[in-house]
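Hi everyone, thanks for coming. Have a look at the next slide with me, and I'll talk you through what sits inside.

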Amino acid sequence: MPELRVLHVSDVHLSEKRAYNLKNWEICLRHIDSVKPDFVVVGGDMVLDDPDDEEDQYFARQQMERINAPWHAVPGNHDVGDSLPNPYKDQPVTDERLARYKALYGNDRFVFHIAGWCFLGLNAQLLFSGLTAEEEQYRWLDEALAASAGRHIALFLHKPLCIDTPSEEIRSGMNVDPSSRKRLLEILSSANVRLIASGHTHRFRALSAGGVPMIWAPTTAQANMRMSEPRAGLPRQNAGMVFYRFLEDSVEWELHQPEAIVPTDITNFAAKYGAMRHSPEFRAGLAEVA
Ligand SMILES: [Fe+2]
Ligand SMILES: [Fe+2]
């Protein structure tokens, strides 16, 4: 097969009235134009902060139309609400938030085949949610894997499966709950998984899950330098994108950091306002920030 070029863009955190991340979004769009990937995966957290801010939801969705490549998205906690048991700002994923997302994006997951590869996108926010949609997603995954027998699987989801090792018991807002991870890995154990790609932590990192690469995409948007959850010692939050090259029997990756991309430093804002939704409004025309 000819090589397949994919760009993973995650945690873009967009808002028109708090346009702090629009400059980086423009850089990201220009980078997509220069890389010319076969497709883009948007890894969640399209919305700045508040999943119930319909204006931000609509604006972020509109911005996706500016991606000059085929694209596929999975939702993040700022798009459909956060995972249990301690959802950010007490906004858990709910049927209502999910329905709003689906009305905008069509679906909260994807599956398609190219050559010998199966590209799967899951809604990580459903895991450990207890919603009917969670079981539906597991059933859908079973069927998707059955229909993909013999192919290599590349899995994309917003939250990393784990912080360090798949057997860990760390419960935090940063990773999939250990019980859901266990169930997911059991389902995936019969498949030929070759990549697990996530976002959410705003950090670039590469780990191994029993030999399967788990790649964390950084943010294109903002960094909180005091973010120490779930443990100290992780790489600092940084901005960029992950470029993948899918070959017949392997996948290669590299961090792309266009020269002008610098994460918006929200360290002080986070301390002062508690959340970006409470930060001062800052409107910049898209042409101005370009
Ligand atoms: Fe994020
Ligand atoms: Fe997130």
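This is a predicted model: local features need pLDDT of at least 70, side-chain atom pairs count only at pLDDT 80 or more; totals for chains, interfaces and linings use all residues.

Residues are numbered from 1 along each chain as its sequence is written, chains are lettered from A and ligands numbered from 1 in written order, and side-chain values use heavy atoms, without hydrogens or water.

Okay, the inside. A nonpolar core here is a set of buried Ala, Val, Leu, Ile, Met, Phe, Trp, Tyr and Cys residues joined through side-chain atoms within 4.5 Å; buried means under 20% relative accessible area, with a 1.4 Å probe and protein chains only. The largest one has 35 residues, and Trp25, Met46, Met64 and Ile67 touch the most other members. Helix H1 (22-35) is among the elements that give it two or more residues, and H1 has the largest share, seven. Helices, by the way, are DSSP runs of H or I, at least four residues, numbered from the N terminus.

Apart from that core lies another, of 29 residues, including Trp140 and Leu157.

Now H2. Its buried residues are Asp56, Gln57, Phe59, Ala60, Arg61, Gln63 and Met64.

Last, how many disulfides? Zero, counting cysteine sulfur pairs within 2.5 Å. Cys28 is buried at 0% relative accessibility, and Cys162 is buried at 1%.

Definitions and conventions: Buried means under 20% relative accessible area, exposed over 50%, partly exposed in between (1.4 Å probe, protein chains only).
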